Amino acid sequence: MQKQDKTRFAKVMAVLAEIFDQGQEPSEIKIALYFTSLSEYEIEVIERAAAAIIKSRIYPAFPKPGEIVQEIEGSKETQAISAWGRVVDAIKGAGPYQSVTFGDPIIHAVIQFMGGWPTTGDWLEDEMVWKQKEFERLYAVIKARGSDMIYLPGIIELQNGGAPDVVTIGDGRKMIKAQGRASP
């Protein structure tokens, strides 16, 4: 969000207060704290999350920032499952020879921890159920720690060196543009 979104954000907070705080206006401090906590998201995303919470939430207390984030991003479990789906698609699409970026440094760190991108080509179909379980478990752990890896080198880059030709999976292009191209 930007500073100019503060008025729209205050309206979102007022609507949530009307439903969950028996109409009691949220304080300026509460609005400021929530604004800061949710500032990485676009105002439209926050408005959609608030609307979804209003439709589905049954608890009477005002939703915490973490609940709004969870509505936006999904639960840790659904995030890990979604990330696994992207990895499987990339294995089938780009393969282990190409360097790849997913736009999600957590995926990069998990794959690196599991042996690196080239090893995905050695995974057998019979192993995929176990690889998925390992991936999802590691995704939750590494997400809590954080990562800054911007891409995964493939076999061609590792064997030949030089500037990588990175295949973008999903929104990886945004990540490369934002952070610059650097090796993992």
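Modeller: Let's begin at glutamate 125, which sits in the loop between helix H6 (105-113) and helix H7 (128-145). Helices (DSSP runs of H or I, at least four residues) and strands (runs of E, at least two) are numbered from the N terminus. Before we go on, note that this is a predicted model, in which local features need pLDDT of at least 70 and side-chain atom pairs count only at pLDDT 80 or more, while totals for chains, interfaces and linings use all residues. Residues are numbered from 1 along each chain as its sequence is written, and side-chain values use heavy atoms, with hydrogens and water left out.

Glutamate 125 counts as exposed because its relative accessibility is 69%; exposed means over 50% relative accessible area, buried under 20%, and partly exposed in between (1.4 Å probe, protein chains only). Together with Asp122, Asp126 and Glu127, Glu125 forms a negative surface patch. In such a patch, residues have over 30% relative accessible area and no salt bridge, with like charges joined within 9 Å and nonpolar side chains (Val, Leu, Ile, Met, Phe, Trp, Tyr) within 5 Å. Asp and Glu count as negative, Lys and Arg as positive, and His and the chain ends are not counted.

The largest nonpolar core has 25 residues, and Val87, Phe102, Trp117 and Phe135 have the most contacts within it. Helix H5 (76-93), H6 and H7 each give this core at least two residues, and H5 gives the most, with 7. Another core lies apart from it, with 19 residues that include Phe9, Ala17, Phe20 and Ala50. A nonpolar core here is a set of buried Ala, Val, Leu, Ile, Met, Phe, Trp, Tyr and Cys residues joined through side-chain atoms within 4.5 Å. In soluble globular proteins, nonpolar side chains tend to be buried together.

Have a look at phenylalanine 102, in the loop between strand S1 (99-101) and H6. Phenylalanine 102 is buried because its relative accessible area is 0%.

Beyond H7, glycine 146 is found in the loop between H7 and helix H8 (155-160). Glycine 146 is partly exposed, at 35% relative accessibility. From glycine 146 to alanine 109 the chain runs 37 residues, yet the C-alpha atoms are 8.8 Å apart.

Charged pairs complete the tour: the structure holds 4 salt bridges, each a side-chain nitrogen of Lys or Arg within 4 Å of a carboxyl oxygen of Asp or Glu. Arginine 8 bridges to glutamate 47, with the closest N and O atoms 2.7 Å apart. Since arginine 8 lies in helix H1 (residues 6-20) and glutamate 47 in helix H3 (residues 43-56), the pair ties together parts 39 residues apart in sequence. Arg8, Glu44 and Glu47 are linked in a network of salt bridges.

Glutamate 67 pairs with arginine 57 at 2.8 Å between the closest N and O atoms. This pair links distant parts of the chain, 10 residues apart: glutamate 67 in helix H4 (residues 65-73) and arginine 57 in the loop between H3 and H4. Arginine 57 is buried, with a relative accessible area of 15%, whereas glutamate 67 is partly exposed at 30%. Aspartate 21 and lysine 30 form a salt bridge too, their closest N and O atoms 3.2 Å apart. Aspartate 21 is buried at 17% relative accessibility, and lysine 30 is partly exposed at 23%.

How values were computed:
Areas by Shrake-Rupley, 256 points an atom, 1.4 Å probe, with all protein chains shown as cover. Charge placed at Lys NZ, Arg CZ, Asp CG, Glu CD.
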